[in-house]
There are 2 protein chains.
Amino acid sequence: MKKYVFGVDVGGTTVKIGLFSPEGEIREKWEIPTRKEDNGDHIIADIAESIKDKMNAHGIDRTDVIGIGLGVPGPVKEDGTVLLAANLGWGKRNISMELSDIIKIPVMAGNDANVAALGEMWRGGGRGYKNMVAVTLGTGVGGGIIIGGKILSGATGAGGEIGHIHLDDNETDTCGCGGHGCLEQYASATGVVRIANKKLAQTDKPSILRDTEVSAKSVWDAVKEGDELAIEVANVYGEYLGKGLAAVADVVNPDIFVIGGGVSKAGDILIDYMKPHFEKYVFPGAKGAKFTLALLGNDAGIYGAAKLVLE
Amino acid sequence: MKKYVFGVDVGGTTVKIGLFSPEGEIREKWEIPTRKEDNGDHIIADIAESIKDKMNAHGIDRTDVIGIGLGVPGPVKEDGTVLLAANLGWGKRNISMELSDIIKIPVMAGNDANVAALGEMWRGGGRGYKNMVAVTLGTGVGGGIIIGGKILSGATGAGGEIGHIHLDDNETDTCGCGGHGCLEQYASATGVVRIANKKLAQTDKPSILRDTEVSAKSVWDAVKEGDELAIEVANVYGEYLGKGLAAVADVVNPDIFVIGGGVSKAGDILIDYMKPHFEKYVFPGAKGAKFTLALLGNDAGIYGAAKLVLE
């Protein structure tokens, strides 16, 4: 009987690896550096070696391992071909095949945001649901969509790129994608700061934020302290996020949204400021969607990668 | 060897039925009236009788039939339970079970818009693709989403309700859903007329439309004749539709959009006026989506219902 699964989250700086039971209990987790030199050619071999070392240390035989799942920062096709992972130096390559050729264990790969969503469904905030949207509010805004328990990758691996839903025709600043008025320009960490700085410039209203560095954290802290101007910022933030997630719900009608990423450290208050706007804009038939915070933090990727193999 | 599939499209006025080969060749199609009296209690029995009659007429045995698929105007759960079909007088009922109990043939059911999308994927405009969004531009705007060859129903059967994506904060008219600024308020047949009437009232510019009844057809006919005001209407129409479909593509990243419904009778010109706006607003990674017109017209429902059984 096979007793182990490995989940690997390949990031631009470190590769996180977890050893799991098939039921999703984590046995051990560790990290190795991501060697990006030589077009990232060493990364796969490094992962193979690290996993082999761990198997030797624990006396785990190849036949005890169901498989290895990989989350990769870029679009991944269903056959495991990575189309591009600029952060790793990778162009198009079939990493599933490369790794399984070395280590003789089945390998599955997926996009890191989608894989993290799968992790949150399996053992995190989305546990018990089959139709889930994971929303990552970090430097940017990412998304991962799970339908019927499976990742929605889309035609070119861009499924769930909800950060670039267009929301505001009047936006003059340019988004990282080249567009104007994308959800990400408001709902990311930099988005909060942008909204706050605009509010601060528009009025002379006193605010804690005038005496501190404006960051996603300082804004939400000020909201919690009842700072009027910060509350106005939270309302603007909530309106954009609510409007964006309403569009997502109109399309895929999820059971639940699982909100993670740095900005979500603000806690449930972020959901409180978003939800009335979501309910205003969403199609009545999709209004029942639940909202919860992500539970696995940076481990969502290794959990989801492991789950990929068990599908 | 089983040689037949029935596809049934249950509408508010007529029930359309098709007899298909498993390869999707249509052998025969016919209609019966929808008897809505007594809370629509006769509908299932009428369908059973009509199918039995057809089987007798052709000497088809029960064992020659793979199954019967049903498309129903309302949300349908995966187990075949219809939650509500107001147009038929139905409340919650498991119609798959009801019909299979009478006729002793396996029955599958799905929402009619989703089922029609499946039909277009199988034998219509989306043939050869696995990730497809069917867009119906009719009295309202409906959608059906196919991911990996399967219908995306969503948590409560509201998946693909793209007509209610919110697009315009400044809209004062109210949508049928109770919201303001939904895609349907612009991209439906009534939407075209609404946009045209506003343009006509705003200016004194001469236009063919001033001497004719304004309808979706007359507007697009005027566009084809080079009528300046009608072209302005088409641009406004195209911008709303393009913006809405861009949001859909950001979420599900389809291979192709298949455009059907009454308004789509305008032809490729409708796609021409929409596409530049789509490309302006969509996330670059999802830009490659193709657009085509639906091919099956009112038969999409019976094709898709038949395909439901073959999944």
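**Notebook: helix packing, domains and chain contact**

I looked at two helices first: α4(A) and α10(A) are roughly perpendicular to each other, because their angle falls in the 65 to 115 degree range. The model is a predicted one.

I then took down the geometry. The angle between α4(A) and helix α10 (residues 300–310) of chain A is about 85 degrees. Their axes lie 6 Å apart.

Next I listed who meets whom. On the α4(A) side I noted V115(A), L118(A) and W122(A) among the residues in the contact. On the α10(A) side I noted residues including Y303(A), K307(A) and L308(A). By class, I find nine nonpolar, three polar and four charged residues in this helix contact.

I moved on to the domains of chain A. Domain 1 is assigned as 4–119 + 299–310, and domain 2 as 129–294. I get 30 Å between their centres, taken over C-alpha atoms. In the contact, 13 residues of domain 1 meet 16 residues of domain 2.

Which elements supply at least two residues each to the domain 1 side? I found β7 (107–111) and α4 (112–123) of chain A. α4(A) gives the most, with five residues. I class that side of domain 1 as eight nonpolar, three polar and two charged residues.

Last, I checked the chain contact. I count 33 residues from chain B and 34 residues from chain A. Helix α8 (residues 228–252) of chain B has the largest share of the chain B side, seven residues. My class tally for the chain B side is 17 nonpolar, twelve polar and four charged.

Key
Residues numbered from 1 in each chain as written. Chains lettered and ligands numbered in written order. Predicted model: local features only at pLDDT ≥ 70, side-chain atom pairs only at ≥ 80, totals over all residues. Domains from an automatic or database assignment. Contact = placed C-beta atoms within 7 Å. Helix = DSSP H or I, 4+ residues; strand = E, 2+ residues; numbered from the N terminus. Nonpolar A, V, L, I, M, F, W, Y, C, P; charged D, E, K, R; others polar. Axes fitted to C-alpha atoms, helices over the stretch in contact; angles between N-to-C directions. Parallel < 35°, antiparallel > 145°, perpendicular 65-115°, else oblique.
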